Amino acid sequence: MRKIFFALAALTFLFVGESCKKEDPSETDTPEKRYPSWAQHFGNDGGFTEILGSEMDSNDDIVLYFKTRGTIDVDGELAFVPSRGGGVIAKYSSQGQVQFAKAIPRTDEGGVLADVVLDDQDNIYACGSFQGTMIIDGQSMTAIGTSDIFVVKLSSTADVLWMKQFGIEDKPSTSYSIT
């Protein structure tokens with residue numbers, strides 16, 4: 001079992017290592033079980049970054065999702081989140097290499113990434129809310145309310161498979177979780 005540890009500061013660090021919990025009482029306590037297997041850092045151009053959560057896929061790759069604003073550098077992969085804020089989904093291989101970093105929701109008027117889950121084929125589902133027009137990989141949708149709920153399905157390589165929205169005219173809508 002892997003555990004993810006993080007710290008929130010000007011630069012955010014992601015540490016991944018084996019759990020310290022012994023599955024078998026006869027197992028010895030080795031340094032590999034106490035120290036991270038790998039570590040990565042990421043930061044942005046003066047905004048904030050807050051890790052919301054993580055998921056592990058069937059290959060032990062880690063999907064990390066966080067809220068931020070500004071341009072964020074995830075180990076060379078740049079994702080731009082407007083000044084009003086939004087979220088980023090990043091995927092790391094089990095060895096710590098960045099697979100992708102994608103800004104969601106991508107809108108000039110702001111939005112909130114609320115939750116991310118994976119299915120058994122490692123597709124990624126993200127939900128949250130947005131204002132204005134949300135654009136991801138050339139696909140767009142425009143809020144009918146003051147804010148609308150979005151659900152996006154991404155492939156395991158971050159290609160947009162579909163996007164849906166839910167809203168009430170001239171009313172705010174908010175999403176908190178997806179299962």
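Okay, hi everyone. Before anything else, this is a predicted model, where local features need pLDDT of at least 70, side-chain atom pairs count only at pLDDT 80 or more, and totals for chains, interfaces and linings use all residues. Residues are numbered from 1 along each chain as its sequence is written, and side-chain values use heavy atoms, with hydrogens and water left out.

So, the overall build. The protein has 13 strands and zero helices. Both names come from DSSP runs, numbered from the N terminus: a helix (H or I) takes at least four residues, a strand (E) at least two. Of the 179 residues, 47% are buried. Buried here means under 20% relative accessible area, exposed means over 50%, and partly exposed is in between, using a 1.4 Å probe and protein chains only. Now contacts, meaning heavy atoms within 4.5 Å. Take the ones between residues at least 6 apart in sequence: 47% of those join residues at least 24 apart.

On to the charges. In general, side chains of opposite charge can pair when their charged atoms come close. For a salt bridge we ask for a side-chain nitrogen of Lys or Arg within 4 Å of a carboxyl oxygen of Asp or Glu. How many salt bridges does a search of the whole structure find? Two.

One of them joins Asp57 and Lys91, at 3.2 Å, N to O. That pair links distant parts of the chain, with Asp57 in the loop between E4 and E5 and Lys91 in strand E6 (residues 77–92), 34 residues apart. Asp57 is buried at 6% relative accessible area, and Lys91 counts as buried at 6% too.

Lys102 and Asp137 also meet in a salt bridge, at 2.8 Å, N to O. Here Lys102 is in strand E7 (residues 98–103) and Asp137 is in the loop between E10 and E11, 35 residues apart. Lys102 is buried, with a relative accessible area of 12%. Asp137 has something else to show: a positive phi of about 50 degrees, although it is not a glycine.

Now look back at the loop between strand E4 (49–56) and strand E5 (62–74), where you'll find Asp61. The Asp61 side chain does reach the backbone nitrogen of Ser94, at 3.0 Å. Among the residues Asp61 touches are Glu55, Tyr92 and Ser93, leaving out residues up to four places away in sequence.

In that E4–E5 loop there's also Asp60. Asp60 has a positive phi of about 65 degrees without being a glycine, and it is partly exposed, at 35% relative accessible area.

Last stop, Lys164. Which residue has Lys164 over its face? Trp162, with Lys164 at 5.8 Å from the ring centre. To count, NZ of Lys or CZ of Arg must be within 6 Å of the ring centre and within 35 degrees of the ring normal. Lys164 and Ser140 are 24 residues apart in sequence and 9.9 Å apart in space, C-alpha to C-alpha. Ser140 itself lies in strand E11, and its contacts include Ile135 and Met163.

Conventions: Polar contact = N/O pair within 3.5 Å; in protein donor to acceptor, adjacent residues only side chain to side chain.
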